[in-house]
Amino acid sequence: MWIETARDGAARETGLELLGAGRALADQKAADLVGIVIGNSTEKAVRAAGLYGADRVFVVEGPEYAVYTTDAYVCALYALARKYEPAVILAGATRAGRDLAPRLACRLKTGLTADCTGVEYDGESGLVRWTRPALGGNLLAAILCPECRPQMGTVRGGVFQKAAPAPFPRAVVIREDIHVPSQRIRTEVLQFMERKMDAVRELMAARVIVAGGRGAAGPGGFEMIRELAELLGGVVGASRGAVEAGLAPRECQVGQTGITVSPDLYIACGISGAVQHLTGIARAGTVIAVNRDPKAPVFQAADYGIVGDVEEILPELTARLRSAKYTKK
């Protein structure tokens, strides 16, 4: 599996999450889990791959890999795939992963299942069963690749939780001498424009999320959501409808077209429960729904449901939690 690195050479969270999924697949087939790290300064990412489950780490370094470019990275991965003939290739469904994976699959003349929310072996066929939203998120499709190899897929961040790191890296590090001539790299990065990604990172890593939908559009609705999130030590999320209504920034959007999350506790306030949103919280631990419509689909996915208006329920819930917290002290 390809472990994407940040500009400082550290492994991105999505790659570390996928090492857990890859570890499960490798153990079922008594196979090695191999991490692939490409860059110009890779020490941090190589160490992380060894801590989070890789048996071997293939390292490709060179100045042409200092910044991600499609041509250079695809050439390196293609050379490794031809040399080692892996059975399965995993990549994160990041911007770079979504750019790289289809090009690599095309060169390898194999299929690719993109933007998966589940990866496991199919008991009957022995093939990898890739699960992904289909038809606009209205259903989940299970996809098998019976003929072509390797089996390839990209997986959304936040779908799997990182495994606990080992006390020390256990992976065997293998350095591969693969270089791409400059004339084969057709693009050049001229400038980086920084974006504030703190809200996205916080949402993906949060153990508690309090999210609001259009049903929280009343006076003070999202202010009450922020207050409850702060009380619980969590962060604020939002449905697509709430974002489109201007109630919350795009960085807070949870769902198929937003961010996939896996908190221990997810409180959905005034969210009806469209399939696209429920797909994004499928791996949440406990889901609590507050909605005035007793037939809202969100209740089908919730562990606990409260039928009522957000503006009436949240102040009472917050007051009781604050009282309980104070009494416990």
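1. Helices (H or I, at least four residues) and strands (E, at least two) are DSSP runs, numbered from the N terminus. With that in hand, start with Glu 4, which lies in the segment before α1. Please keep in mind that this is a predicted model, in which local features need pLDDT of at least 70, side-chain atom pairs count only at pLDDT 80 or more, and totals for chains, interfaces and linings use all residues. Residues are numbered from 1 along each chain as its sequence is written, and side-chain values use heavy atoms, with hydrogens and water left out.

2. Is Glu 4 buried or exposed? Its relative accessible area is 14%, so Glu 4 is buried; the word means under 20% relative accessible area, while exposed means over 50% and partly exposed in between (1.4 Å probe, protein chains only). The side chain of Glu 4 makes a polar contact with the side chain of Thr 94, at 2.6 Å. A polar contact is a pair of N or O atoms within 3.5 Å; within protein, one must be able to donate a hydrogen and the other to accept it, and residues adjacent in sequence count only if both atoms are side-chain atoms. Not counting residues up to four places away in sequence, Glu 4 touches Ala 10, Ala 11, Arg 12, Thr 94, Ala 96 and Gly 97, where contact means heavy atoms within 4.5 Å.

3. Now look at the largest nonpolar core, which has 31 residues. Such a core is a set of buried Ala, Val, Leu, Ile, Met, Phe, Trp, Tyr and Cys residues joined through side-chain atoms within 4.5 Å. Leu 19, Val 57, Leu 90, Val 119 and Val 155 touch the most other members. At least two residues each come from α1 (13-28), α2 (43-51), β2 (56-61), β3 (88-92), β5 (118-121) and β6 (128-134), and the largest share, 6 residues, comes from α1. A second, separate core of 27 residues includes Ile 38, Ala 96, Ile 178 and Ile 185. In soluble globular proteins, nonpolar side chains tend to be buried together.

4. Leaving aside neighbours within four places in sequence, Val 119 is in contact with Leu 25, Leu 90, Val 128, Arg 129, Trp 130, Val 155 and Phe 160.

5. Next comes β1 (34-39), where 6 of 6 residues are buried. Val 34, Ile 36 and Ile 38 point one way from the strand, and Gly 35, Val 37 and Gly 39 the other way. β1 pairs with β2 in the parallel sense over 6 bridges; two strands pair if DSSP finds at least two bridges between them. Within this pairing, Ile 38 stands opposite Val 60 in β2.

6. In α2, the buried residues are Ala 45, Val 46, Ala 48, Ala 49, Gly 50 and Leu 51, and they pack against α1, β1, β2 and β9 (172-176). Arg 47 is also found in α2, but is partly exposed, with a relative accessible area of 46%. Just after the helix, Gly 53 takes a positive phi of about 125°.

7. How many aromatic pairs does the structure hold? There are 5, counting rings of Phe, Tyr and Trp (its six-membered ring) with centres within 6.5 Å; planes under 30 degrees apart count as stacked, over 60 as edge-to-face and the rest as tilted. Phe 58 and Tyr 84 have ring centres 4.3 Å apart and planes at 25°, so they are stacked. This pair links distant parts of the chain, with Phe 58 in strand β2 and Tyr 84 in helix α3 (residues 70-84), 26 residues apart. Phe 58 is buried at 3% relative accessibility, whereas Tyr 84 is partly exposed at 32%.

8. The rings of Tyr 68 and Tyr 73 have centres 5.0 Å apart and planes at 65°, so this pair is edge-to-face. Tyr 68 is partly exposed at 24% relative accessibility, and Tyr 73 is buried at 4%. Ring pairs link Trp 2, Tyr 65, Tyr 68 and Tyr 73 into a cluster.
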